[in-house]
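Here is my note on the model, for your review. Please read the points beside the coordinates.

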Amino acid sequence: MRVPEEFVVLGEGIVVRRGHERQVDAFLAAAPRRAGDASDVPGGRGATRRIALDDGGAAYVRRYVHGGLLGALLGDRYWERPVRPLRELVATEAARRAGVVAPEVLAALTEPAPPAGLLYRAVLVTRALDGRGALADALRTATDETTRHAWIACTVRAVRRLHAAGIHHPDLNVANVLVGASPDDEAALLDFDRARVGRSPVGAVRIALERRRLSRSIAKLGLPGLDRAGAGAALDAAGLGASA
C-alpha cells in the first residue's frame, strides 16, 4: 500500500505527515500505553489523548484496541497487513481529497508486539476538529421534526460524497458524525478504521448496509418520529437509499 505523497516514512512503523516530523517523539510519548487507559474522548474503544501541536492546534493520539471476543484474546495487538493505521490513513486521505470533511491524519505508528514480534500495536494521530459537535447532540436538542430531518440531510450529503469517491464506511453511526453550527454547514465523518477505497462508486448493497447501521444508530436515540422506520424514511428522503 503506497503512502500518500503528503507523508514521509521515518523508519520501520513510523509514517508522519510532512511538516510534523519533529513531533514524532511527542506523539509516541503521548500514546496511551495500555488498552484500558482512561480516554480524553468519551465513547469508543481503547484510549485517546489530546495533545497540543507546535502550530497552535491540537491532536488526538489514539491506540487501536479490539472489541468483543478479539478484545478479550488480543487486546491491542493486531496481525492484519497492511497495518491497520496505514489503511485508515489512506482511506481518510482519500475522503479528504474527495471533499469530505474528515480529520487530518498526522501520523500512523506501529511497534512489534509478542509473540516474537509477529503481531503489532498501533497508534493513529489526527488533528482535532474543534468547533463541531456530535450529531447525536444536535438531534437531541432540535426542537422540531423539520430541524431533525435537516441534520440528517446534512449527514447524508457528506456520506453521498464519500460513496461517489468509492469509499465504503462500515462503521457509519451517530458517534462518527460531527456537525457544525447549522445543518447548512458540512458534516464531518470520523473513524475510517475499517473503511475501504474502491475504484468505482459504492454499490447498492454496501449503501444499504450503511443505511441500516445509521438508521439503527439514530433510532437508539429514542427521539420523536425517529424510530427505525422514521429514521430510515428520513435517510431515504435525504438520498441515502437504494433508489437514490
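1. Basis. This is a predicted model, where local features need pLDDT of at least 70, side-chain atom pairs count only at pLDDT 80 or more, and totals for chains, interfaces and linings use all residues. Residues are numbered from 1 along each chain as its sequence is written, and side-chain values use heavy atoms, with hydrogens and water left out.

2. Helix H6. Helices (H or I, at least four residues) and strands (E, at least two) are DSSP runs, numbered from the N terminus. H6 holds 16 residues, 204-219. At 1.5 Å times one less than the number of residues, the helix should span 22 Å, and its end C-alpha atoms are 22 Å apart, which agrees.

3. Burial in H6. Buried means under 20% relative accessible area, exposed over 50%, partly exposed in between (1.4 Å probe, protein chains only). Among the buried residues of H6 are Ile207, Glu210 and Leu214.

4. Sheet. Three strands form an open antiparallel sheet, ordered S7-S9-S10. S7 (133-134) and S10 (188-189) are the edges; each has a single partner strand, so one side of each lacks a neighbour in the sheet. Two strands pair if DSSP finds at least two bridges between them. S9 (residues 177-179) and S10 have 2 bridges. Val177 stands opposite Leu189.

5. Cis peptides. Arg81 and Pro82 are joined by one, with omega about -5°. Another joins Pro114 and Pro115, with omega about 10°.

6. Positive phi. Ala116 has phi of about 55° though not a glycine. Its relative accessibility is 78%, so Ala116 counts as exposed. Asp191 has phi near 60°. At 29%, Asp191 is partly exposed.
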